[in-house]
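Please open the structure in a viewer and keep the selection panel at hand.

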Amino acid sequence: MKIADLRALLGSRFLDLLTIGVVAAFLFPYIFMVSSAFKTRLDTFAYPPIFFQFTPTLEHFENIFSDMNILFYMKNSTIIAVFSTLLTILISIPATYSFARFRFRYKEGVAYGFLFLQMVPGISIVFALFFIAGSLNLSDTHIFLIVVYLLWNVPYAIWMMRGFVEGIPVELEESAMVDGASRFKAFRLITLPLMAGGIAATAILIFIGVWNEFSVAFFLTSTEARTMPTTIAFFMTHSGIKWGPMFATATIGTLPVVIFALLVRRYFISALTFGAVKG
Amino acid sequence: MATDRKLRRRRPPWLAPALLIVPAFLVVFALAAYSAVWLLQLSMVKLTFGDPFRTAEWAGLDNYQWLLFNEFTTFWASLRVTAVYVVGTLVPELIIGFLIALLLNRKMRGNSIFTAALIIPMVLMPSMVGMVGRLYFSPYGLINYFTESLTGIRHNWYGADLALWAAVLVDIWEWTPFFILILLAGLQTLPVEPFEAARVDGASRLQSFIHLTLPLMLPLVMTTLILRLMDVLRLFDVIFVMFGGGPGTATTTLPLYIYRTTLIQRDVGRGSAASVMLIIIIVSLTVILIKLRDRIRYEA
């Protein structure tokens with residue numbers, strides 16, 4: 001294609017280097033963020049910036065674990081993300097199967113209905129949710145966030161997993177049913193194991209979404225159920241922003257997500273497009 | 001008789017699929033309906049944030065009317081900021097993303113490592129990205145170090161002229177990989193035959209790019225743009241953390257406008273009315289664009 005012209009012109013070495021440079025440019029801000037977590041305040045503010053020549057310090061990590069009690073917020077985030085993810089998957093699997101395997105009237109209409117609800121911006125209903133939580137005496141609780149996130153997670157899971165089920169030949173189930181298995185048994189013994197990878201990937205992506213979620217969690221929690229992403233408010237103090245602890249928290253908060261994301265990277269393109277595009 | 005009874009006892013065909021959907025349907029639509037009723041109600045009252053709901057006074061459509069037509073309304077200004085932000089992010093992300101996807105669409109060792117690396121910016125906590133962005137764009141931050149090295153100028157990214165563009169640059173960093181990865185997947189699944197036919201007919205590579213690659217990729221480009229548009233229109237966290245909508249109203253996109261009206265001006269009614277508008281804008285834009293995309297796909 002047209003790339004080949006360029007290659008002939010400039011040599012593929014150049015394009016290789018360019019590719020490496022481009023990818024490095026996208027990674028650089030993250031690497032610099034992680035490295036800043038190990039810098040003293042003086043080194044963080046050095047101008048010109050210090051990239052590699054500094055003596056690493058763990059003081060900020062000690063600080064967030066001892067003074068800021070970051071473990072408490074990690075625990076909250078974990079509880080909310082794990083339970084919301086589990087509930088989502090549990091509720092979504094039957095619906096997914098229904099959309100993928102049955103034919104019924106208004107099917108696509110209902111499926112798009114789910115998708116449109118998924119599009120509702122968190123910020124646009126968070127203050128209504130704030131009043132709802134108050135009226136139900138559920139302000140600042142884990143359970144309220146766990147349930148509220150279902151609004152976005154369930155449609156997402158259905159759209160994601162539907163593609164995985166549709167990718168499994170229906171004949172496999174049918175042959176089991178010919179052999180006398182009930183439809184449920186055929187699903188449990190044949191389709192479910194085959195879609196396990198897709199379920200795991202969907203679960204991880206939902207976990208990442210909830211773990212990172214800010215707009216809803218920030219306005220619906222204060223002390224008891226506060227999550228990791230909303231701790232940023234603690235770094236803005238009257239004496240300025242506490243950059244070191246902020247970088248340390250960001251490093252710890254993003255580490256599990258980056259690992260998870262790389263684990264499911266081959267599902268990532270489906271994940272980004274609600275299953276509309278296969279990678 | 002026996003078969004008759006058997007037939008009558010058979011469950012109707014819609015029952016199984018319906019029952020399977022019921023849990024998901026109930027949860028999602030109940031949550032949505034409950035929120036919608038509250039949101040609509042809040043958008044039609046006069047209520048100060050922090051006061052109990054029973055102090056609310058009925059206001060009908062006054063809040064909407066104020067937002068749209070009052071001479072002091074800043075709603076339209078925030079729509080303008082939103083439009084600048086949307087165009088400012090999506091256009092460069094599409095162009096740069098397409099170019100990098102073309103660059104990556106070659107046989108090369110380590111390609112899977114590159115695509116894995118490109119995932120990272122998209123999965124980082126947006127609130128932390130916002131904080132980090134704040135430091136990188138500070139007067140003596142990373143960005144100014146690079147601009148000063150290259151052009152000799154340090155910019156005031158915190159000022160009203162550039163704050164929105166700082167937020168735009170952060171989004172471009174975070175989400176250009178979205179275009180790269182999806183368009184790369186599209187490029188890799190393009191049919192081979194038309195390109196071979198074009199080569200046989202003596203078309204140059206530029207010609208086959210313009211007349212084959214671009215039209216074949218158009219539906220996917222549209223899909224990608226629609227998905228990103230939905231996200232950019234509702235983006236709150238990064239801008240909130242970086243600038244909180246300021247200085248002045250320089251970074252007050254519609255989501256920030258909702259926040260400021262509700263929590264800073266403590267006007268729940270107008271904030272909720274603006275929320276309803278945001279939902280209407282997102283849903284209607286998406287419906288129109290999906291229709292447009294399907295027409296393009298149909299014609300192609």
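Begin with chain A, which its domain assignment splits into domain 1 (2-60) and domain 2 (62-272); such bounds come from an automatic or database domain assignment. The model is a predicted one, in which local features need pLDDT of at least 70, side-chain atom pairs count only at pLDDT 80 or more, and totals for chains, interfaces and linings use all residues. Residues are numbered from 1 along each chain as its sequence is written, while chains are lettered from A and ligands numbered from 1 in the order in which they are written.

**The two domains of chain A**

Colour the two domains of chain A separately. Their C-alpha centres lie 32 Å apart. Where they meet, domain 1 of chain A contributes 9 residues and domain 2 of chain A contributes 10 residues; two residues are in contact if their C-beta atoms, placed from the backbone, lie within 7 Å. On the side of domain 1 that touches domain 2 in chain A, at least two residues each are supplied by α2 (12-36), α3 (41-44) and α4 (59-66). Helices (H or I, at least four residues) and strands (E, at least two) are DSSP runs, numbered from the N terminus. The largest share of that side of domain 1 of chain A, 3 residues, belongs to α2(A).

**Chain A as a whole**

**A helix pair**

Select residues 196-212 and 243-263 of chain A, helices α11 and α14, which pack at an angle of about 155 degrees with their axes 10 Å apart. Axes are lines fitted to C-alpha atoms, for helices over the stretch in contact, and angles run from 0 to 180 degrees between N-to-C directions. α11(A) and α14(A) are therefore roughly antiparallel (an angle over 145 degrees). The contact involves Ile204(A), Phe207(A), Ile208(A), Trp211(A) and Asn212(A) from α11(A), and Val257(A), Phe260(A), Ala261(A) and Leu263(A) from α14(A). These comprise 8 nonpolar, 1 polar and no charged residues.

**Backbone details**

Most residues other than glycine have a negative phi, and most peptide bonds are trans. Zoom in on Tyr47(A) and Pro48(A), which are joined by a cis peptide bond with omega about -5 degrees. Pro48(A) sits in the loop between α3 and α4 of chain A. Then select Asn69(A), a residue other than glycine whose phi is positive, near 55 degrees. Asn69(A) is in the loop between α4 and α5 (70-101) of chain A.

Turn now to chain B, which is divided into domain 1 (12-60) and domain 2 (74-266). The C-alpha centres of these domains of chain B are 34 Å apart. In chain B, the peptide bond from Gly246(B) to Pro247(B) is cis, with omega near -5 degrees. Pro247(B) lies in the loop between α11 (237-242) and α12 (254-264) of chain B.

Finally, display both chains together: how many residues does the contact take from each chain? The contact takes 75 residues from chain B and 74 residues from chain A. On the side of chain B, helix α2 (residues 15-43) gives the most, with 15 residues. By class, that side of chain B has 62 nonpolar, 9 polar and 4 charged residues.

Methods: Angles under 35 degrees count as roughly parallel, over 145 as roughly antiparallel, 65 to 115 as roughly perpendicular and the rest as oblique. Ala, Val, Leu, Ile, Met, Phe, Trp, Tyr, Cys and Pro count as nonpolar, Asp, Glu, Lys and Arg as charged, and the others, Gly among them, as polar.
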